[in-house]
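Colleague: I would like to learn how to read a few features of a protein model. Please take them one at a time, with the general idea before the case.

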Amino acid sequence: MQWKDRLAFQENDSGILLFREGIFARIYEEGAWRFIKQVRPLKVSVRRIKKLDRNVVYCGLPISALSALGVDLDALDPEKECWRLEARQMDAQAFLEWRRLQQKARPDRASERAREAPPAADGAHGQDWVRRIAAIDLLSLSPMEAWSCLNGLRQEACLTLGLESAPRKGGEVVEA
């Protein structure tokens with residue numbers, strides 16, 4: 001199922017749609033907000049969807065946890081590939097404010113962390129790198145964000161060292 005379909009289904013539904021994605025149930029936009037406010041708090045994530053040219057706010061939990069929330073696992077909607085929870089109506093303006101705060105609180109943390117301090121030009125370049133790497137709080141990053149942060153540092157190191165390209169599989173390095 002496409003992103004635009006999931007988001008459209010949730011936008012046109014006053015309940016909470018829990019979309020089946022592998023072993024997880026993901027909840028998007030208004031559904032995520034209602035779930036967090038009416039069912040239980042979850043960690044919220046923001047993802048940029050290039051195809052839609054927008055950020056999407058979502059959260060999720062393992063499908064195995066749905067029974068404890070009163071979700072009938074046999075009631076999966078085969079067309080939408082989701083379960084539905086009833087929800088109270090909530091103020092649409094409050095949702096927009098919450099969504100804005102979520103996006104503001106979670107910018108692209110990985111690229112931000114990789115560029116926090118510019119390299120020192122005074123010969124203390126090695127110490128600067130050590131400080132920058134030590135300042136990265138890996139526990140607050142998702143695996144993908146951590147990989148992105150490491151990749152950004154690696155690309156910057158290649159440029160600093162004057163390498164034509166990044167190290168390749170097997171450890172070989174192509175020099176300029």
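Predicted model: local features only at pLDDT ≥ 70, side-chain atom pairs only at ≥ 80, totals over all residues.

Colleague: How many helices and strands does the protein have?

Modeller: Helices (H or I, at least four residues) and strands (E, at least two) are DSSP runs, numbered from the N terminus. Here there are six helices and five strands, in the order α-β-β-α-β-β-β-α-α-α-α from the N terminus on.

Colleague: What share of the residues counts as buried?

Modeller: Buried means under 20% relative accessible area, exposed over 50%, and partly exposed in between, with a 1.4 Å probe and protein chains only. Of the 176 residues, 34% count as buried.

Colleague: Which residues of helix α3 are buried?

Modeller: First its length. The expected span of a helix is 1.5 Å times one less than its number of residues. Helix α3, residues 92-105, has 14 residues and reaches 20 Å from its first C-alpha to its last, close to the expected 20 Å. Its buried residues are F95, W98, R99 and Q102. Seen down the axis of α3, these fall within an arc of 100°, so they line one face of the helix; the arc is that of the directions from the helix axis to the C-beta atoms. On the other side, Q93 and K104 are exposed.

Colleague: What covers the buried residues of α3?

Modeller: Contact means heavy atoms within 4.5 Å. The cover includes α2 (29-38), β3 (45-49) and β4 (54-62).

Colleague: How many aromatic pairs does the structure hold?

Modeller: Rings of Phe, Tyr and Trp (its six-membered ring) pair if their centres lie within 6.5 Å; planes under 30 degrees apart count as stacked, over 60 as edge-to-face and the rest as tilted. The structure holds five such pairs. The rings of F19 and Y28 have centres 5.8 Å apart and planes at 50°, so this pair is tilted. The rings of W33 and F95, with centres 5.6 Å apart and planes at 55°, are also tilted. W33 lies in helix α2 and F95 in helix α3, so the pair ties together parts that are 62 residues apart in sequence. Both W33 and F95 are buried.

Colleague: Where does the charged end of R6 sit?

Modeller: A charge sits over a ring if NZ of Lys or CZ of Arg is within 6 Å of the ring centre and within 35 degrees of the ring normal. The charged end of R6 sits over the ring of W3, 5.4 Å from its centre. R6 is in helix α1, residues 3-11, and counts as buried at 13% relative accessibility. Not counting residues up to four places away in sequence, R6 touches M1, F19, E21 and Y28.

Conventions:
Residues numbered from 1 in each chain as written. Heavy atoms only, no water.
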